[in-house]
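Subject: Structure handover

Hello,

Here is the structure I said I would pass on. Please open it first, then read the notes under it.

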Amino acid sequence: MKNPKQEKENPTKSAERKTMENPKPKLENANESPEMGGMNALAASYNERIRPLLDAIDRLRQLKITQEGIQLPTIVVVGDQSSGKSSVLESLAGISLPRGQGICTRVPLVMSLQNDPSSTSPTLQLNYADKTVATSEASIASAINEATVEIAGDNKGISGTPITLVVKKKGVPDLTLVDLPGITRVPVHGQPKNIYEQIANIITEYIKPKESIILNVLSATVDFPTCESICMSQIVDETGERTLAVVTKVDKAPESLLEKVTVDDVKIGLGYVCVRNRIGDETYEDARVAEAELFESHPLLSTIDKSMVGIPVLAQRLTDIQATIIARCLPDTAKKINDMLSQNIDVLNKMPRNLSTIADALTKFIQILKRVRDSLEKLIVRGEFDEFPDDQKFHGTARVAEMLHKYSKILPSTCPVDDGSLFLMEEVCVLEKAKGIHLPNFLPRSIFLTLLRKKVESIAHMPRDFIMEVLEYLESLVINIPTHHSDNYPQIYYRGTRAVHNFIGNMRNHSRQYIQVMIEMELVADYTSSPDYMKTYSGLMVDQGKLVPQIENNYSSPINLEGFGEVNVEHLRPHKEVVDQAFDMRVRLLAYWKSIILRLVDGVPLHALYSMKCLVDKLELVLVEEIVGPQMAGIEIMMEESPAMTAKRERLHKSIDLLKKSKEVVAGVMDRVTIGRKVMV
């Protein structure tokens with residue numbers, strides 16, 4: 001029964017899959033042309049009709065576009081230990097790679113095959129550890145071993161640092177193949193205990209990009225579902241659309257091989273190719289002849305379709321598959337290049353330009369000062385937040401208003417009394433302590449001031465705390481604003497920050513003195529011209545006459561007094577001589593307290609607003625004096641670019657240049673992508 005998703009598959013993608021699974025053979029009979037095998041195997045399968053696309057990818061590799069994080073189509077060879085991975089590469093490229101027991105490939109070997117029409121003999125070189133080593137076909141194996149030892153050590157450990165082998169040959173198509181360490185679960189002597197995890201991490205890094213073609217090498221002698229390489233590739237390529245399986249050692253286990261490669265229990269989307277690798281000292285030409293004879297005459301192997309056997313067929317398949325992947329990925333690669341180019345240009349444009357003269361530096365400094373002043377005036381004077389609409393910490397007037405609301409709430413609206421004290425007993429105690437020879441019912445002003453001072457001192461910390469909280473917030477805000485506008489010039493950051501700290505420090509000292517004077521004025525004098533004082537006093541005194549009769553008649557029930565509610569007065573009987581004076585003092589304190597609170601509620605916030613305005617007006621001059629200085633020292637500092645900034649600028653210039661060249665390369669072949677797809681279908 002058909003899968004509905006398969007029925008709705010995109011026609012273009014379906015055609016690509018068909019091409020990748022069953023490429024049109026370019027040779028009438030690959031196995032009958034051994035002279036096309038060996039070192040020229042890839043050349044035999046090269047399709048001139050897709051050459052422009054392959055050349056474009058080759059050019060991008062030469063430009064090292066991968067350093068920008070943009071992946072390119074790459075053939076990644078994976079397989080369990082001793083599955084024959086390196087032998088497959090040898091057969092494809094005609095180059096002898098290191099062999100031996102255990103893990104032969106201990107670091108990723110990136111084999112870059114490049115066509116060099118003018119070459120009369122192959123040119124080989126190794127690139128690793130920031131150096132280039134020229135070598136030859138005869139010594140390439142030992143050269144790779146030496147490079148491996150230098151990178152991964154002389155034991156049996158592995159490393160993720162790659163070695164790049166560049167092979168330039170006449171007639172060889174441009175392909176990149178990566179041979180990775182073989183998968184092993186059991187560490188042997190000299191290997192770390194987590195050897196499996198190390199190898200798995202390296203393999204995943206290479207096969208995870210969707211641009212990678214997974215060449216999964218399987219030995220015919222094992223059950224495919226049990227292979228570790230199959231499990232790993234299925235994790236990143238669940239449908240197998242990027243995976244091609246190569247079956248080696250077919251001569252050792254020909255039984256049921258046909259069923260294995262046709263039933264496909266392990267989801268190999270790009271199909272299977274069965275090969276016979278070179279044995280012993282065979283030449284590559286001899287190996288191809290032997291391979292052709294094996295698949296032609298063996299009673300079991302000869303039953304496998306000829307489009308699924310032989311190194312030449314594998315070479316043909318890889319070339320066609322890579323071309324299809326290139327055609328599919330190139331539009332996305334072009335988009336990534338354009339996006340990264342735009343991003344890097346934007347970053348470079350936002351970097352400060354080099355200031356070559358004092359005049360340039362001074363002009364830039366003045367521009368920064370103007371932006372700082374405009375921002376501060378908006379945020380803490382006019383209450384405009386368009387520069388930072390979503391960051392509430394920059395909404396200056398709103399934050400100060402919240403602090404003022406909290407301050408006005410904690411100031412007691414009525415005159416505070418001692419906790420737990422009985423009605424009028426606080427005043428009675430003060431009066432008895434101040435006994436003297438004077439007229440009856442005379443209330444000395446000093447007694448009132450003594451009690452008033454005690455009340456004022458109990459709240460003196462509140463206005464100080466409020467103004468310090470406001471200044472602390474303003475300090476953080478003022479430091480952030482210049483930093484926001486001058487972050488491209490870190491040379492002046494420390495001078496500017498120091499200037500702000502010093503300026504706000506002076507404001508703190510001034511505000512402390514101002515608040516202290518306000519409190520001291522309340523302590524030394526009792527004055528108000530507000531008519532509310534006498535109005536409140538008179539209104540509260542109307543019930544004074546109820547107190548003494550209530551006390552003399554020994555009434556135990558509470559008495560209701562205007563402004564005080566129900567109060568008990570039994571405790572006042574021993575002090576009835578001073579009750580009227582005590583009540584009078586309490587009423588005066590309550591009436592006068594409103595004036596004190598009004599002055600503190602209005603005066604302190606007014607001082608805060610005045611300080612905010614002074615901050616905006618004077619900070620500009622403070623910054624000029626601190627940063628510029630009498631000898632223009634701060635301006636000269638702006639002309640000195642930090643090493644980190646210089647390195648970043650150079651890195652961006654190089655990246656932009658590389659991306660522009662890459663963009664030109666891709667633009668030159670984008671019109672061929674559709675043509676290439678049609679040709680391959």
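At roughly what angle do the axes of helix 7 and helix 8 cross? The model is a predicted one, and in it the axes of helix 7 (residues 195-207) and helix 8 (residues 228-236) cross at roughly 45°. They come within 10 Å. Angles from 65 to 115 degrees would count as roughly perpendicular and those under 35 degrees as roughly parallel; helix 7 and helix 8 are therefore oblique to each other. Their crossing is right-handed.

Which residues make the contact? From helix 7 come Tyr-196, Ala-200, Ile-203 and Ile-207, and they meet Glu-228, Met-232, Ser-233 and Val-236 of helix 8. Six residues of this contact are nonpolar, one is polar and one is charged.

The other item is the largest pocket. Its space comes to about 1,100 Å³, and 32 residues line it. Nearest the centre of the pocket are Arg-61, Thr-66, Val-110, Pro-162 and Thr-164. By class, the lining has twelve nonpolar, 14 polar and six charged residues.

Which element gives the most to this lining? Helix 4 does, with four residues. Among the elements that supply at least two residues each are helix 4 (51-62), strand 1 (74-79), strand 2 (109-115) and strand 5 (163-169).

Regards

Key. Residues are numbered from 1 along each chain as its sequence is written. This is a predicted model: local features need pLDDT of at least 70, side-chain atom pairs count only at pLDDT 80 or more; totals for chains, interfaces and linings use all residues. Side-chain values use heavy atoms; hydrogens and water are left out. Axes are lines fitted to C-alpha atoms, for helices over the stretch in contact, and angles run from 0 to 180 degrees between N-to-C directions. Angles under 35 degrees count as roughly parallel, over 145 as roughly antiparallel, 65 to 115 as roughly perpendicular and the rest as oblique. A crossing is left-handed if the near helix is turned anticlockwise from the far one by less than a right angle, and right-handed if clockwise. Contact means heavy atoms within 4.5 Å. Ala, Val, Leu, Ile, Met, Phe, Trp, Tyr, Cys and Pro count as nonpolar, Asp, Glu, Lys and Arg as charged, and the others, Gly among them, as polar. On a 1 Å grid over the protein atoms alone, a cavity is a set of points where a 1.4 Å probe fits but cannot get out, and a pocket is an open set with protein on both sides within 12 Å along at least five of seven lines; lining residues have an atom within 4 Å of a point. Grid points are joined across faces, edges and corners, and a volume is the space filled by probe spheres set on the points.
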